[in-house]
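These are my notebook entries on one structure, kept in the order of the look-ups. The sequence and coordinates come next, and the entries follow.

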Amino acid sequence: ANYKSFNFEISGVQRIVVRTDFEKKKISDYLQVIEKSFENTVSWPEGCWKLKVTNPDQGWKCLRAPLDVKVEGVEPYPKGHFSVDLVVTQGTRRYNIPVVCQMTVVIPVVISIKTIQTGEPLNSDACELKVMDITRLGPLPLKDLQSVQGYRAARTIPPGMIIHRRLITEI
């Protein structure tokens, strides 16, 4: 519907080759769109996380026509290695380009300053707030000293350990 009609007039045996005009695009062309999507979705405090796209040179071919770009799969608390999709739509054609990311997160977390025995109630005397890199930490840590109130240790917590929900239970 978007293309003009075209008639071929051929005499004899000839091969007809029809090519569409295309252009090569790269993920690096859309880094601002990707970063803006993360800024709008990520719930980490501003300035505490850093995003790096590890495959900016990955590309695809598309027609020379207007296209819409959006990012899908951004979680509220991403960290470490993960991927999201750069979704490029051009008319009815849709391209899903995987964007491989590395996010470093450095935030204030609650850590134990002394050994906390199993079953012992947590309080602010046994813990302190410290800014740490939690990129490789699996569970989400507690982020303020008030959040330890009303909990006890589910197992023995050694000094210097980051306090998270798997280590504590409600009293």
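In which sense do strand S2 and strand S6 pair, and over how many bridges? I find strand S2 (residues 49-53) and strand S6 (residues 93-112) paired in the antiparallel sense over five bridges.

I record the basis of the entries here: this is a predicted model, in which local features need pLDDT of at least 70 and side-chain atom pairs count only at pLDDT 80 or more, while totals for chains, interfaces and linings use all residues. Residues are numbered from 1 along each chain as its sequence is written, and side-chain values use heavy atoms, with hydrogens and water left out.

**Entry: strands around S6**

I take strands (E, at least two residues) as DSSP runs, numbered from the N terminus. Two strands pair if DSSP finds at least two bridges between them. Within the pairing of S2 with S6, I looked up Leu51 and found Met103 of S6 opposite.

I then turned to strand S5 (residues 80-90), which pairs with S6 in the antiparallel sense over 11 bridges. Gln90 has Arg93 in S6 as its bridge partner. The hairpin of S5 and S6 has two residues between the strands, and Gly91 there takes a positive phi near 65 degrees.

S6 is also joined to strand S7 (residues 127-133) by seven bridges, and these two strands run antiparallel. Here I noted Cys127 in S7 as the bridge partner of Ser112.

**Entry: salt bridges**

I count a salt bridge when a side-chain nitrogen of Lys or Arg is within 4 Å of a carboxyl oxygen of Asp or Glu. How many does the structure hold? I find five salt bridges.

For Glu23 I looked up two partners. With Lys25 the N to O distance is 3.6 Å. With Arg64 the closest N and O atoms are 3.5 Å apart. Glu23 lies in strand S1, whereas Arg64 lies in the loop between strand S3 (59-63) and strand S4 (68-72), so this pair ties together parts that are 41 residues apart in sequence.

I class residues by relative accessible area as buried (under 20%), exposed (over 50%) or partly exposed (in between), with a 1.4 Å probe and protein chains only. Lys25 counts as buried at 17%, whereas Arg64 counts as exposed at 52%.

Glu72 forms a salt bridge with Arg94, with the closest N and O atoms 3.4 Å apart. Because Glu72 lies in strand S4 and Arg94 in strand S6, the pair ties together parts that are 22 residues apart in sequence. Glu72 is partly exposed at 28%, and Arg94 is partly exposed at 46%. I also noted one network, in which salt bridges that share partners join Asp21, Glu23, Lys25 and Arg64.

**Entry: His164**

Is His164 buried or exposed? I find His164 buried, with a relative accessible area of 9%. This residue is in the loop between strand S8 (151-153) and strand S9 (168-170). Leaving aside neighbours within four places in sequence, His164 is in contact (heavy atoms within 4.5 Å) with Pro139, Leu140, Pro141 and Leu142.

**Entry: Ile16**

Ile16 lies in the segment before strand S1 (22-26). I read a relative accessible area of 40% for Ile16, so this residue is partly exposed.

How values were computed. Helix = DSSP H or I, 4+ residues; strand = E, 2+ residues; numbered from the N terminus.
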